[in-house]
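Here is a brief report on selected residues and their side-chain pairings. The structure comes first, then the notes.

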Amino acid sequence: VLILLALILEIRVALLVSLGIPFAFLGTMAIFNNWGYSLNLVSLIGFIIVSGMLVDDAIVVTDNAVRLMEEGKDPETAAIQGTQEIWPAVTASVLTTVLAFAPMLFMSGIFGKFIKEIPLGVILALMISLFEAFFILPAHIASYIRVDLKNRYKANSKGVRHKLGQVAQYWDEVVTPGYKRTLTRVVRRRYQVAAGMAVLFVGSIVLATQGMRFVLFPSDGIENFFIRVDAPTGASLEQTESLIKPIEQVVGKLPAEELDSFLTKVGIQQQD
């Protein structure tokens, strides 16, 4: 995440934004530990899902503060005002994701208990990240971020800094103007764009309800199946082995596309 951010943002900005990720993860782990949840494969899935989202709010806060610095405001004023200007929009953005994952907390049954840690990890990490972006990040912005418009593209630097400067220059001189032209056309044709999005949305619903099936646990693609056989009480291993051979013959006749291999264990009782 840090490398990708450094390709577009100033290296100090990218570093401060990325610091929100371990802060949010460690805070979530502390709450998990206090509530009796473990750090396992399921909870890590939630962390992986939310890892890219954790920098969104910090990017918006930092970028707005840097914009105010470029307009001539001092770093402390820019950090405070930049956060105040966009906190409602950032909060709304985070809450939409929280509400999207919240229903998973109320799923019933064994499956609901199994996946509960995924939405819990996502929601807790997002809320901690939001707190960090509003109350911790502005102090870091005021202390460490400085805007140097004259040497923005590091023309005299070498190596990695020079390459990053080239990327920033390309972003400002090519990507940003192109995006502005596209956005201008979209705003001028906002009703046509809105109508197109509505048609796309309705079409997606029709496709989902008429042409798609929802299967939570598909039956195809199962890798293993087990056949449990009980011999008469007192049967020896040799007798059991002879009794199992007809079953092996039946299993061995399964089509090649359905059977890769099979293994017989005699004298072992186990469930899997």
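Helices here are DSSP runs of H or I with at least four residues, numbered from the N terminus. The model is a predicted one.

## Ile49

Ile49 sits in helix α4, which covers residues 41-51. Its relative accessible area is 35%.

Setting aside neighbours within four places in sequence, Ile49 contacts Phe101, Ile118 and Val122. Val215 is 166 residues away from Ile49 along the chain, and their C-alpha atoms are 22 Å apart.

## Ser18

Ser18 belongs to helix α2, residues 11-18. Ser18 is buried, at 11% relative accessible area. Beyond its neighbours within four places in sequence, Ser18 is in contact with Val1, Leu2 and Leu5.

## Salt bridges

The count of salt bridges is two. One joins the side chains of Arg67 and Glu71, at 3.0 Å from N to O. Glu71 is exposed, with 53% relative accessible area. Arg67 is partly exposed at 34%.

Glu85 also pairs with Arg67, with 3.1 Å between the closest N and O atoms. Glu85 lies in helix α6 (residues 75-101) and Arg67 in helix α5 (residues 54-70), so this pair ties together parts 18 residues apart in sequence. Through shared partners, the salt bridges link Arg67, Glu71 and Glu85 into one network. Glu85 is partly exposed, at 39% relative accessibility.

Conventions: Residues are numbered from 1 along each chain as its sequence is written. This is a predicted model: local features need pLDDT of at least 70, side-chain atom pairs count only at pLDDT 80 or more; totals for chains, interfaces and linings use all residues. Side-chain values use heavy atoms; hydrogens and water are left out. Helices (H or I, at least four residues) and strands (E, at least two) are DSSP runs, numbered from the N terminus. Buried means under 20% relative accessible area, exposed over 50%, partly exposed in between (1.4 Å probe, protein chains only). Contact means heavy atoms within 4.5 Å. A salt bridge is a side-chain nitrogen of Lys or Arg within 4 Å of a carboxyl oxygen of Asp or Glu.
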